[in-house]
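Please open the model in a viewer and keep the selection panel at hand. The stops below go from domains down to single residue pairs.

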Amino acid sequence: MTLHVTNTLTGEKEPFEPQDPENVLLYYCGLTVSDPPHLGHARSWVHVDVMHRWLEHLGYDVRHVENFTDVNEKIVARIGEDDLGESESEVAETYIQRTIDDMRSLNLLRAEVYPRVSEHVPEVIDLVETLIEKGYAYESNGSVYFDVTRFEEYGKLSNQELDEIESQGDPDERTEKRHPADFALWKADGVDPDAIDEHSHEGVDHGDTPPEGLTWDSPWGEGRPGWHIECSAMSMTHLGETLDLHVGGRDLVFPHHENEIAQSEAATDQQFANYWLHCELFQMDDEKMSSSLGNFVTVDEAIDRWGTNVMRTFLTAGSYNSKQLYANETIAEAQERWDQLERAYEAAVDVLDSPQASAKATDESLRDEIDSAREAFATAMNDDFNTREAQSALLSVATAINRHLEAIGGDADGEGGYDYRGLRRAVETLEELGGVLGLSFRGETTGTATLAGDVVELVLDVREAERDVGNYERADELRDELEALGIEVQDTDEGATYRLPSGE
RNA sequence: GCCAAGGUGGCAGAGUCCGGCCGAACGCAGCGGCCUGCAGAGCCGCCCACCGCCGGUUCAAAUCCGGCCCUUGGCUCCA
């Protein structure tokens with residue numbers, strides 16, 4: 001089965017065929033860097049990252065471009081707040097750095113480039129000029145608007161009729177516009193102080209001298225790029241006129257992506273993107289998580305608390321295009337899934353790297369289960385990146401490992417022994433397919449050469465001595481105390497084993 | 001009001017495009033058993049679903065068609 005994706009443009013699940021059979025041009029609508037990234041952003045990032053990884057797994061060379069919108073009145077509104085910075089670009093850089101740090105801690109593959117609006121203003125101006133020349137845009141009081149009535153297919157992405165769209169943009173723009181749904185490509189002058197007020201955090205008062213944003217000279221006078229135009233300018237600059245995949249949040253379908261299509265296709269007469277994929281949003285109780293509602297958990301808080309692997313397991317616990325419930329219970333479940341994978345992985349590595357792993361032992365059912373898990377994983381991912389099903393396939397590898405270890409058990413020195421080739425295949429499968437989900441197994445087993453590990457072993461030796469003399473009360477205390485530190489202790493036939501908390 | 005997505009067990013979440021293998025996956029929670037000094041982990045088994053409601057098509061529907069109810073998102077900044 002080949003890869004199929006759900007295309008918002010058609011509403012259908014379609015076979016994915018990039019223009020060039022070896023390359024995929026992927027554009028992801030990145031953030032406006034005016035607030036710290038939250039888990040909602042992380043959810044989309046991780047899903048795009050998984051798409052990227054799966055496409056590479058399928059053999060494509062993925063050219064992934066992701067922008068930072070660093071010119072926006074919301075950024076200007078943050079000037080002077082906390083230690084964010086004293087200018088629009090300083091505030092933007094503060095948040096860009098934070099965003100990049102978060103991306104790294106989520107184990108995201110790097111994009112080919114992360115273009116910023118402030119470095120693409122000449123391209124924006126060129127594009128706006130083209131649109132005016134072709135009659136799709138008009139200047140009004142130093143601002144330039146896109147004329148939606150000239151673009152016949154306007155509304156094709158969000159399925160709306162033009163006369164049902166009431167208006168776009170600030171109220172005071174409306175007098176300058178020919179049609180209420182026309183949207184700004186270029187805005188005259190600097191940032192409107194009212195906009196600063198509107199976007200400032202509560203309690204922040206800039207007084208009589210509101211901060212000012214950047215402006216650029218243009219054929220229409222000093223001004224700033226409109227909100228939507230930058231994505232068209234940047235994606236064309238770095239990926240060309242027609243993208244294979246354009247991905248973004250569901251909340252951007254209208255007006256942002258609709259407007260991108262209009263301005264891009266009007267300018268180039270080419271289809272802007274062949275496949276539009278939209279990531280669904282988090283649900284918190286009965287509303288979405290968002291910056292503007294303030295009901296978010298930041299990425300760094302989440303990573304600190306749960307760790308990268310658990311967060312990625314959580315974020316891929318549903319399909320990218322279905323809503324996900326954000327709740328402690330759903331995260332705890334992800335924690336459990338990840339622990340199962342990691343425990344099985346570590347157990348397999350332990351045995352694999354032991355003399356009990358035999359060159360001749362073969363466990364057909366282990367091998368069969370790995371093969372069918374690999375197939376199930378591929379089928380799931382090819383079916384519109386069904387990450388939940390993919391996780392399920394991974395878990396079945398873990399079960400197969402445990403079953404094999406259970407079956408051989410303490411009898412490894414006897415007839416059978418552990419199936420070296422089977423376990424090696426299992427370990428590689430977890431690494432490879434887990435890697436597609438961006439999960440990384442620690443690759444080392446219990447008893448590592450860390451100081452923490454040495455100390456734990458020391459405590460376990462003491463505990464073992466207590467057990468030998470039947471002092472179970474003290475032994476249990478020691479175990480409880482270790483577990484209070486996050487160290488899992490397990491008594492087995494070969495003595496106690498332990499797992500350090502992730503990150504240690 | 002208009003546009004879009006969705007309503008599946010106690011929770012979460014696949015399956016719906018291509019009707020039958022769905023008496024509904026995977027996981028969590030719950031219950032038994034194995035193992036264990038105990039616990040955990042693991043293994044084996046079990047419990048819980050008339051798949052929002054009503055009607056239709058069909059030999060056969062969670063899956064197709066029609067109507068209705070409800071939820072969420074978009075129509076203002078938003079992943």
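The tour follows, with selections given by residue number.

This is a predicted model, in which local features need pLDDT of at least 70, side-chain atom pairs count only at pLDDT 80 or more, and totals for chains, interfaces and linings use all residues. Residues are numbered from 1 along each chain as its sequence is written, and chains are lettered from A and ligands numbered from 1 in the order in which they are written.

Colour chain A by domain: domain 1 is 23-288, domain 2 is 337-436 and domain 3 is 451-499, with bounds from an automatic or database domain assignment. The C-alpha centres of domain 2 and domain 3 are 28 Å apart.

Next, select 23-28, which is strand β3, and 61-66, strand β4. Helices (H or I, at least four residues) and strands (E, at least two) are DSSP runs, numbered from the N terminus. β3 and β4 run parallel and are joined by six bridges; strands pair if DSSP finds at least two bridges between them. Y27 has V65 of β4 as its bridge partner. Five of the six residues in β4 are buried, so the strand is largely enclosed by the rest of the structure (buried: 20 or more other C-beta atoms within 10 Å of the residue's own, C-beta atoms being placed from the backbone).

Now select 282-284, strand β11. An open sheet of three strands has the order β12-β11-β13, with mixed pairing. Its edge strands, β12 (287-288) and β13 (324-325), each pair on one side only. β11 and β12 run antiparallel, joined by two bridges; Q283 is partnered with K288 in β12.

Technical notes
A residue is buried if 20 or more other C-beta atoms lie within 10 Å of its own, exposed if 12 or fewer, and partly exposed in between; C-beta atoms are placed from the backbone.
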